[in-house]
Amino acid sequence: MIQTLFGTVEQEPSLLEKLKSGVQKTRAGLVSALEDALQGKKEINADLLDELESTLIASDMGVRTTEEILERIRQRVERHQLNDAAELKGLIREHLLEILQASERAPAHVAEPPAVILVVGVNGSGKTTTIGKLAARFKSEQRSVILCAADTFRAAAIEQLEIWGERTGSPVVRQSPGSDPSAVLFDAVSAARARKVDYVIVDTAGRLQTKENLMAELQKMARTAKKVIPEAPHEVLLVLDATTGQNGLEQARKFTETSGVTGIVLAKLDGTAKGGIVVAIARELDLPIRYVGVGEKVDDLLPFDAEKFIASLFEI
Amino acid sequence: MFDNLSEKLQRVFKNLRGEGKLSAENMESALREIRMALLEADVNFRVVKQLIENIKQKAMGEEVLAALSPSQQVVKIVHEELIKILGSHESKLRFANEPPSVFLIVGLQGSGKTTTTGKLARWLSRNGHRPMMVSVDVYRPAAREQLKVIARETGQPVYEGAAEEKQPMELARAARRESANSGRDVLLVDTAGRLHIDDQLMGELSELKEQLNPVEILFVADAMTGQDAVKSADEFHKRLGITGVILTKMDGDARGGGALSIRHVTGQPLKFVGVGEKFDALEPFHPDRAANRILGMGDILSFIEKAGEAIDQKQAVEMQRKLIENEFTLEDFRDQLRQIRKLGPLGSLLDMMPKVGMLKDLKDVKIDEKEIERVVAIIDSMTPRERDNHMIINGSRRRRIARGSGTSVQEVNQLLKQYAQARKMMKGLSGGFIGRKLGKMKMPAGFPFGNMPGM
């Protein structure tokens with residue numbers, strides 16, 4: 001069962017399989033490296049811990065999370081609760097799962113449609129593609145969708161969204177390039193309410209989190225949505241490129257401050273050997289990961305589930 | 001650019017200060033701090049390992065120089081090692097003997113290839129070339145459309161090709177013919193983004209390389225990429241033999257550790273950095289300056305270069321004379337403000353300044369460009385006589401000026417008060433640090449921008 005804005009739906013049986021193949025690279029990177037590091041080692045010594053540290057850092061998990069894991073291991077070794085290298089894998093797995101589960105949170109329930117989903121992120125993180133996949137997912141759940149082309153800045157962004165609109169059979173509300181994104185949003189949300197559409201997915205222009213005026217524009221968009229529907233936006237999804245390093249934390253922090261991010265979409269996870277930034281974000285910002293993009297096909301967006309994510313990392 | 005890293009390293013060296021000598025112990029803690037700072041800046045962990053090893057070797061082997069404190073000595077070593085890794089000289093683009101020179105622009109999805117293609121075309125045309133662009137990305141929705149729009153906005157030509165053409169190779173070949181026929185000397189080929197594991201698309205790139213015989217294969221890398229940056233760059237390099245790297249999105253707060261790492265792993269130079277959303281926001285990469293920036297020494301060279309472009313020498317000398325003789329009028333002040341504005345957004349200028357010593361508070365300064373506009377408007381509303389001698393501006397003149405400039409009497413008062421103060425201050429400043437460093441760029445401290453802390 002997975003939680004959606006409108007309640008729960010049956011999960012497709014192949015989810016674990018798909019996630020597994022999607023994060024194959026991550027597994028190859030993190031877990032295999034861990035296994036390599038632990039291979040044939042019996043004793044937990046400084047060398048082994050050094051190797052573990054490199055492995056964890058190479059996954060973009062961040063220096064702090066890595067230190068925390070290592071500290072826990074050291075403590076247990078000191079207290080003689082742990083003396084076999086073979087147990088390390090389980091310990092690390094347990095720790096990662098703890099971090100990811102602590103930030104899990106059900107999305108806000110929407111009593112009356114439309115649910116407004118604002119999709120934000122830095123340039124090139126994969127917002128528009130994620131929106132296309134989200135639309136396809138909602139459609140497959142028999143929900144109606146309107147796409148809102150509020151990226152009026154980037155060249156051909158509107159056209160790109162329209163192509164996704166055609167592919168998924170969702171109408172696109174648009175204006176001309178350069179127009180006020182809040183105005184487009186207003187139109188889209190009003191139209192969705194009038195037509196009783198379930199979801200409005202709003203594409204916003206990519207912006208670096210350091211550009212204060214652009215961040216203010218996002219705030220304005222949220223305010224505009226509230227004018228039509230007081231509870232909107234029901235969900236603000238921050239799309240992060242899975243190859244992002246420690247700057248991902250800064251992105252999550254600043255976008256949360258200005259536009260009230262409620263969840264993370266980790267895009268392009270299939271292309272990378274990492275994915276560790278998910279752990280760093282969950283740990284430091286307490287934000288749930290909502291979806292994971294694991295491929296270029298339209299159905300390659302999967303709901304995130306901490307347990308399954310870790311399971312797919314550790315079970316072959 | 002690398003601000004966050006600079007800060008951290010500075011803290012390390014602050015802690016080192018006061019220690020009399022470089023010893024194994026104090027080096028150990030410094031190295032640990034340097035290592036953490038580099039890792040948090042996304043420098044690849046293998047590169048960090050080697051960098052630390054090199055720094056250690058050098059620091060230990062080095063005679064303690066009487067002239068330098070231990071911290072200065074470590075800074076010097078780190079600086080040298082950073083430059084070694086970033087590349088010791090700035091590297092130029094190569095061109096074919098027989099035009100058109102083909103440049104392949106490659107990279108991961110979302111790294112910024114298409115925007116960079118547009119910026120590069122504009123840069124080339126500003127530097128005496130006649131570029132043409134073509135997009136062979138037949139996969140991403142509206143990718144070719146995007147380059148067309150960019151071409152329109154930058155005023156650079158693009159080979160559009162038939163919309164139904166789905167063969168990248170055909171598009172590229174036709175574009176090359178078109179470039180040759182229309183006397184274009186560089187063809188920029190914007191390729192489809194890919195995840196480096198994608199064999200099929202990699203194969204397509206190899207084929208493009210074989211057929212087009214490009215002189216430059218430029219790998220576009222996102223400054224925000226983490227430990228994976230090296231891996232993908234390395235993979236592209238192995239498959240294609242890249243000739244250079246363009247680092248994008250350096251205007252954010254990414255620490256850009258990838259910059260260090262890619263150069264080190266592929267041995268290929270960084271050629272450009274993308275520093276903004278506008279099409280002129282592309283700069284050649286200067287390794288020495290980047291190393292300076294990492295260490296918080298600022299990028300004075302870029303600043304002076306920029307200032308040199310915008311400021312008229314003769315005027316500057318005249319200004320200097322006036323300042324010294326205290327003949328600096330409101331009119332001169334307005335001219336100066338206008339020149340400062342020609343330099344571009346003030347925020348990006350401030351970014352180039354070193355954030356150490358007396359200027360360390362600069363990073364918290366938010367400059368209100370509107371404020372400068374307002375000041376210029378107020379001065380514009382004065383009569384020439386008033387500008388020449390501010391003492392004659394009485395109450396009714398102030399009211400008139402406020403009305404004329406759409407401001408309030410309070411704002412006019414404030415400007416006049418600050419101007420009087422600045423005149424007084426400037427006499428003292430003309431021999432000071434900024435005066436010597438920037439000569440012609442003398443700015444009355446704190447004056448045009450309202451409150452600058454610490455100045």
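How many salt bridges does the rule find across the interface of chain B and chain A? In this predicted model, local features require pLDDT of at least 70 and side-chain atom pairs count only at pLDDT 80 or more, whereas totals for chains, interfaces and linings use all residues. Residues are numbered from 1 along each chain as its sequence is written, chains are lettered from A and ligands numbered from 1 in the order in which they are written, and side-chain values use heavy atoms, with hydrogens and water left out.

Across the interface of chain B and chain A, one salt bridge is found, a term that denotes a side-chain nitrogen of Lys or Arg within 4 Å of a carboxyl oxygen of Asp or Glu. The partners are A:Glu53 and B:Arg35, with an N to O distance of 3.1 Å. On the side of chain B that touches chain A, helix 2 (24-40), helix 6 (143-154) and helix 9 (228-240) of chain B each contribute at least two residues; helices are DSSP runs (H or I, at least four residues) numbered from the N terminus. Helix 2 of chain B provides the largest share, five residues.

Contact (heavy atoms within 4.5 Å) involves 34 residues of chain B and 44 residues of chain A. The buried area between the two chains is about 3,300 Å², 55% of it from carbon and sulfur atoms; this area is the accessible area (1.4 Å probe) lost on putting two parts together, summed over both.

The largest nonpolar core comprises 69 residues, and A:Ile73, A:Cys148, A:Val202, A:Leu238, A:Phe255 and A:Ile281 have the most contacts inside it. Such a core is a set of buried Ala, Val, Leu, Ile, Met, Phe, Trp, Tyr and Cys residues joined through side-chain atoms within 4.5 Å, buried meaning under 20% relative accessible area, exposed over 50% and partly exposed in between (1.4 Å probe, protein chains only). Helix 5 (residues 88-102) of chain A gives the most to this core, seven residues. Beyond four places in sequence, the contacts of A:Ile73 include A:Leu49, A:Leu82 and A:Ile92.

B:Gln211 lies in helix 8 (residues 199-212) of chain B and is partly exposed, at 35% relative accessible area. The side chains of B:Gln211 and B:Arg173 form a polar contact of 3.0 Å.

Methods:
A polar contact is a pair of N or O atoms within 3.5 Å; within protein, one must be able to donate a hydrogen and the other to accept it, and residues adjacent in sequence count only if both atoms are side-chain atoms.
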